Every structure is written in C-alpha cells, then in structure tokens.
Amino acid sequence: MEIKIIETASDHAAALEEIETLMSAELGTHEGDRLDLLSMLVVAYEKKNFPIEGANLEKAISFQIQKKY
C-alpha cells in the first residue's frame with residue numbers, strides 16, 4: 001500500500017489492514033516507521049470523520065437522574 005493522506009472509507013480500511021500486518025514490527029525499523037506513520041494518518045482521519053464529543057456535566061447528571069427514576 002502506498003502511504004498517502006486518508007480521504008475515503010476505502011483508504012481508511014486499507015490503512016487499517018496494513019496496520020494489522022505491521023503490528024509486530026519493531027521500533028526503529030522500516031516496518032516500525034511505516035506503522036507509526038499509518039497510525040498517525042488513521043488517527044487524523046478518524047478525528048475528522050468520527051469526532052467524539054467532550055463530556056458535558058449537565059448531560060451526565062441528567063442521565064444519571066433519569067436512570068434512577
């Protein structure tokens with residue numbers, strides 16, 4: 001796989017597959033560097049496309065109160 005900016009769902013899937021094959025790579029090797037770079041690209045794509053909302057104290061308290069009653 002060519003390392004490039006992840007722009008589509010298929011790019012994302014391909015990067016995840018490549019990461020899976022590199023999971024046993026040792027630090028400081030070509031494969032280890034490739035794993036690091038692909039991981040950074042996946043994180044950037046996921047932050048952009050699957051944002052996680054920060055904690056909201058008011059919503060959390062409301063949820064807990066509703067759960068009890």
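**Exercise 1. Classify Asp11 by its accessibility, and describe its salt bridge.**

Solution. Asp11 has a relative accessible area of 13%, so this residue is buried, the limit for that class being under 20%. The model examined here and in the exercises below is a predicted one. The next step is to find the partner of Asp11: its side chain meets that of Lys4 in a salt bridge, with an N to O distance of 3.3 Å. Lys4 has a relative accessibility of 38% and therefore counts as partly exposed.

**Exercise 2. Compare the span of helix α2 with the expected value, and list its buried residues.**

Solution. Helix α2 covers residues 30–49, which is 20 residues. From its first C-alpha to its last, helix α2 reaches 29 Å, close to the 28 Å expected at 1.5 Å a residue. The buried residues of α2 are Gly32, Arg34, Leu35, Leu38, Leu41, Val42 and Tyr45. Helix α1 (9–22) is included in what covers them.

A residue of α1 can then be examined. His12 is found in helix α1, and a relative accessibility of 11% places His12 among the buried residues. Not counting residues up to four places away in sequence, His12 touches Ile6, Val42, Tyr45, Glu46 and Phe50.

**Exercise 3. Identify the geometry of the aromatic pair in the structure.**

Solution. The structure holds 1 aromatic pair. The ring centres of Tyr45 and Phe50 are 6.2 Å apart and the ring planes stand at 75°, so the pair is edge-to-face; the cut-off for this class is over 60 degrees. As for accessibility, Tyr45 is buried at 9%, whereas Phe50 is partly exposed at 49%.

**Exercise 4. Describe the overall form of the chain, and decide whether it is more spread out than a compact globule.**

Solution. The chain has 3 helices and 0 strands, and along the sequence they follow the pattern α-α-α. The radius of gyration of the chain is 18 Å, well over the 11 Å given by the globule rule for 69 residues, so the chain is more spread out than a compact globule. Along the principal axes, the C-alpha atoms fill a box of roughly 55 × 25 × 15 Å.

Of the 69 residues in the chain, 20% are buried. Among contacts in the chain with a separation of 6 or more, 48% are between residues 24 or more positions apart. The chain exposes about 5,800 Å², of which carbon and sulfur atoms supply 58%.

**Exercise 5. Locate Glu58 and relate its position to that of Leu35.**

Solution. Glu58 lies in helix α3, residues 57–68. Its relative accessible area of 66% makes Glu58 exposed. Glu58 and Leu35 are 23 residues apart in sequence, and their C-alpha atoms are 40 Å apart in space.

How values were computed
Residues are numbered from 1 along each chain as its sequence is written. This is a predicted model: local features need pLDDT of at least 70, side-chain atom pairs count only at pLDDT 80 or more; totals for chains, interfaces and linings use all residues. Side-chain values use heavy atoms; hydrogens and water are left out. Rings of Phe, Tyr and Trp (its six-membered ring) pair if their centres lie within 6.5 Å; planes under 30 degrees apart count as stacked, over 60 as edge-to-face and the rest as tilted. Buried means under 20% relative accessible area, exposed over 50%, partly exposed in between (1.4 Å probe, protein chains only). Helices (H or I, at least four residues) and strands (E, at least two) are DSSP runs, numbered from the N terminus. The expected span of a helix is 1.5 Å times one less than its number of residues. Contact means heavy atoms within 4.5 Å. The radius of gyration is taken over C-alpha atoms; the globule rule is 2.2 Å times the number of residues to the power 0.38. Accessible areas come from the Shrake-Rupley method with a 1.4 Å probe; for residues, only the protein chains shown count as cover. A salt bridge is a side-chain nitrogen of Lys or Arg within 4 Å of a carboxyl oxygen of Asp or Glu.
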